[in-house]
Amino acid sequence: MRQARDCRDVAGVPWQLGIPAAIGAGFLLLPLLALVVRAPWRSLPTHLGAPIVRDALRLSLVCASSAAAAAVVLGVPLAWVLSRPGWRGVGILRALVTVPLVLPPVVGGVALLKALGRNGILGHWLDAALGVTLPFTTAGVVVAETFVAMPFLVLAMEGAFRGIDPGLEEAATTLGASRWQIFTRVTLPSVVPGLIAGTVLAWARALGEFGATITFAGNSPGRTTTMPIAVYLAMESDPDAAVALALVLLAVAVGILIALRGRWLDTP
Amino acid sequence: MSAADLTLSGTVVRGGFTLDLGVTLRAGEIVAVLGPNGAGKTTLLRAIAGLTPLSSGRLTLGTRVLDDPGARIWRSARERSVGVVFQDYRLFPRMSLRDNVAFGPRAAGRSRRQARTIATTWLDRMALGDLADRRPKEISGGQAQRVALARALAGDPAVLLLDEPLAALDAASRAAIRADLRAHLADFAGPVALVTHDPLDALVLAHRVLVLDRGALVQEGPPVTIARRPATAWVAQLFGLNFYRGRVTGPGGLVSLEEGGLLHVRLHDDIHDGEVVVSLRPSAITVHVEPPTGASPRNVWPGVIRTLDLYADRVRLDVDGTPPARVDVTPAAVAELGLAAGTRVWLSAKATETDAYR
Amino acid sequence: MRDIGLRGPVLEAAPRAQVRLGRSPLSVVGLVGSALVGVVAVAGCSGHAASPSGSTGSSASRAPSGASSAATGTITVLAAASLQESFTTIASAFEQAHPGSKVQLSFGPSSGLAAQILGGAPGDVFASASVKTMATVLDGKAASSSTPFAVNSMEIAVPPNNPARITALADLARPTVKTSVCHDAVPCGAAATTVFANAKISVTPISEEADVKAVLTKIELGEVDAGLVYVTDVLAAGDKVGGISIPAAQNTTTTYPIASLTKAANPALAAEFVTYVLSADAQKVLRDAGFAAP
């Protein structure tokens with residue numbers, strides 16, 4: 001596989017692919033480059049030293065990681081169920097669980113308020129019975145981010161589960177393994193690359209989440225003000241500060257993605 | 001695990017295909033299952049392993065009922081202790097060989113340490129101890145076959161099933177692995193079913209052969225009987241024999257063949273009339289370029305050579321005649337007689353070499 | 001941040017504007033007539049002497065022949081989000097009064113619009129919800145002068161059933177009351193801070209929203225007990241929220257300035273639009289929406 005790819009590289013890239021590829025890469029990279037070039041480098045240390053930046057960054061990392069974890073815990077079983085063939089309604093369910101992908105995030109936030117808000121369908125009960133209210137809390141941020149990010153993981157994992165050789169699961173059955181043992185020892189190890197890709201995708205989406213978060217969890221420094229929200233509000237008062245904050249978010253995200261990317265490539 | 005017989009009597013419907021069978025595999029017995037593609041060999045293994053349910057009938061292991069749809073009894077694959085060596089081995093790609101072999105004992109509730117000990121023992125027995133920490137993709141096909149066998153046996157199964165265990169190997173390693181397999185199967189106390197399309201597997205490994213065709217059992221017996229007196233054209237071809245269907249038409253063993261021609265045969269089992277099958281070894285036929293003189297062979301008939309194929313030390317002729325025949329001659333004879341495609345020849349065969357049976 | 005434009009009220013704006021039109025048809029007709037008077041005055045100094053099909057007399061409230069000197073074409077008006085309802089009404093009345101003219105409206109947070117203007121986005125008129133924001137546009141030489149055209153003040157908005165039984169500003173200081181305000185960085189947030197200071201109360205908001213519509217959403221859905229928004233917002237929200245007025249002594253006002261932009265593609269029509277916004281009939285629309293006179 002790898003050898004074949006190298007051979008093609010030697011043969012060169014046909015211009016029909018090379019030109020659009022170069023334009024595509026430029027299109028994606030130029031705005032990022034502009035952000036870096038036009039950044040207020042001199043005042044950067046002042047902006048970054050502000051406690052609000054530290055708080056927002058910490059909150060962003062904690063919430064995005066929690067959301068990614070929640071997406072894994074709930075999304076992997078969901079993807080597994082969706083990947084099983086032969087039951088009715090699976091197509092409809094698959095379409096519905098990926099709706100958050102196309103839903104404008106702000107609408108997602110309103111929908112979450114109507115479901116889990118103080119007067120929401122389920123939130124009303126949570127409030128009355130358990131005294132739990134999610135809006136305006138850090139947990140609310142995690143809920144909003146999970147809502148938006150989980151479909152990415154579900155899609156990645158469903159594809160991974162479908163790609164598994166059913167023969168391996170049969171072999172495990174004949175060796176006396178229970179369904180749970182098969183899932184944990186045979187199925188799950190086979191989808192590790194998909195799991196990593198899906199988790200990173202979900203994490204990245206959660207890290208950049210703005211619309212659903214600010215709608216559902218509002219903006220409260222140290223509690224629900226994540227980096228994207230801080231960037232947006234800074235844009236109102238001090239665009240230079242906003243760019244500085246955005247750079248921090250960018251640097252952290254790119255750093256983590258590159259670190260994980262190296263890992264993936266080692267995985268066959 | 002105490003050894004018990006396995007009895008299957010019933011039908012398995014899979015897709016548009018139906019297998020209808022009544023067989024018993026005795027403890028300690030190695031049974032080869034032969035048959036053309038689509039005969040139902042793999043379906044039979046799947047039914048025994050619990051991967052495909054019976055549609056009717058009953059499957060028992062000793063006194064234990066494994067599947068009886070009429071009585072709504074179903075033991076899943078994991079409850080059956082049936083070890084399976086799959087055709088493509090199906091080793092777990094992300095586990096070491098040791099973990100692959102330890103999988104069964106672990107699933108059965110052994111501790112990690114116990115399971116690893118069992119696995120190491122099995123790998124050592126298969127002479128794979130040095131490779132225990134490798135992944136399946138890092139070993140050869142023959143080694144993978146032995147790991148698959150070790151994995152199936154490490155779970156201490158009551159029944160062992162092998163689906164084309166040597167099919168994925170190259171011819172060179174096949175003979176050695178077959179000898180190995182024979183040694184390991186000899187130690188196994190329960191019934192063994194071995195699906196194969198290689199007649200040599202059946203001859204070398206099996207105590208008994210089942211021949212399936214289109215979902216039904218068409219012949220059953222010791223390998224030597226199957227090889228000498230095949231009941232179907234497919235098995236005859238498998239063992240390289242000429243095979244004819246016909247009817248006894250005269251006293252002293254004269255058979256009129258379905259595809260035309262008459263053969264003087266040796267009648268078995270007190271057969272005096274009715275339909276019979278006739279098998280004739282290719283090496284029992286002699287080729288002549290002139291009509292043979294002298295009275296020794298009872299059967300003499302003309303034909304035209306269609307093709308010649310060289311197999312090691314002999315040449316297989318495909319001769320068009322009444323009846324057609326495959327004939328083995330030495331390469332020297334081909335040169336001496338000037339045989340080629342299109343050459344007119346006379347064939348002769350002794351009646352004593354020409355077996356007729358039912 | 002691009003999500004902001006997709007908030008619910010955007011969808012509701014058009015029908016509401018129609019209702020307003022239907023409610024006072026007379027005022028619209030009158031407004032159109034008087035607008036034309038203003039236009040005549042401005043048109044004198046306009047280089048655009050385009051002669052529209054005025055002579056055919058197609059418009060019902062057509063002014064005398066002098067209207068033919070009015071500018072035509074299209075202008076883009078960038079206006080603060082809180083002007084959405086009133087400017088939609090005003091723009092359509094303006095178009096009726098100026099045959100051949102077309103007003104394209106773009107609503108957004110004032111600061112965002114200012115950033116767009118300074119970034120070179122095309123526009124002819126800017127109506128801001130904040131003098132400070134307008135100042136950045138003036139400083140950036142994107143406009144030469146601005147005129148105040150409306151004043152807004154703050155009001156307490158509560159869910160219709162008023163669960164926390166809010167009656168006055170002081171109630172917002174109660175620890176059990178969940179209050180939502182705009183973030184300090186946006187004008188409505190700065191105004192809220194001033195109001196709390198004037199009232200000498202200390203309020204810890206549960207959330208500092210990015211804009212006033214977000215505050216309203218949370219109130220409408222009952223997620224918070226109270227919020228500080230503009231008087232005009234309470235009026236526009238109809239019966240989806242209740243309003244509790246703040247005494248003038250504690251209240252603060254926000255002045256809305258308007259300016260035609262130096263890079264306007266159609267400076268004549270832009271100038272006419274600014275003049276029209278200051279006319280009595282446009283001012284009536286603004287008054288109906290809850291704005292005070294500057």
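## A tour from chain C to chains A and B

Start with chain C, which is divided into domain 1 (2-151 + 254-288) and domain 2 (152-253). These bounds come from an automatic or database domain assignment. The model is predicted: local features need pLDDT of at least 70, side-chain atom pairs count only at pLDDT 80 or more, and totals for chains, interfaces and linings use all residues. Residues are numbered from 1 along each chain as its sequence is written, while chains are lettered from A and ligands numbered from 1 in the order in which they are written.

**Stop 1**

Two residues are in contact if their C-beta atoms, placed from the backbone, lie within 7 Å.

**Stop 2: all of chain C**

Show the whole chain. Chain C has 10 helices and nine strands. Helices (H or I, at least four residues) and strands (E, at least two) are DSSP runs, numbered from the N terminus. Of the 294 residues in chain C, 49% are buried. A residue is buried if 20 or more other C-beta atoms lie within 10 Å of its own, exposed if 12 or fewer, and partly exposed in between, with C-beta atoms placed from the backbone. Among contacts in chain C with a separation of 6 or more, 80% join residues 24 or more positions apart.

**Stop 3: the nonpolar cores**

Next, select A:Leu245, C:Val125 and C:Phe273. They have the most contacts inside the largest nonpolar core, which has 146 residues. Such a core is a set of buried Ala, Val, Leu, Ile, Met, Phe, Trp, Tyr and Cys residues joined through C-beta atoms within 7 Å. Helix 9 (residues 138-162) of chain A brings its largest share, 16 residues. Domain 1 and domain 2 of chain C both give residues to this core, so it lies between them. Another core lies apart from it, with 101 residues, among them B:Ala47, B:Leu161, B:Val277 and B:Leu280.

Zoom in on A:Leu245. Not counting residues up to four places away in sequence, A:Leu245 touches A:Val53, A:Met227, A:Ala230, A:Val231 and A:Ala234.

**Stop 4: where chain A meets chain B**

This contact takes 15 residues from chain A and 19 residues from chain B. On the chain A side, helix 10 (166-174) and helix 11 (179-190) are the elements that give two or more residues. Helix 10 of chain A gives the most, with seven residues.

**Stop 5: a sheet in chain B**

Select the open sheet of six strands in chain B, with order 14-13-12-16-22-15 and mixed pairing. Strand 14 (262-264) and strand 15 (266-267) of chain B stand at the edges, each with a single partner strand, so one side of each is left without a neighbour in the sheet. Strands pair if DSSP finds at least two bridges between them. Strand 16 (residues 274-280) and strand 22 (residues 355-357) of chain B pair in the antiparallel sense over three bridges. Here B:Ser279 stands opposite B:Asp355 in strand 22 of chain B.
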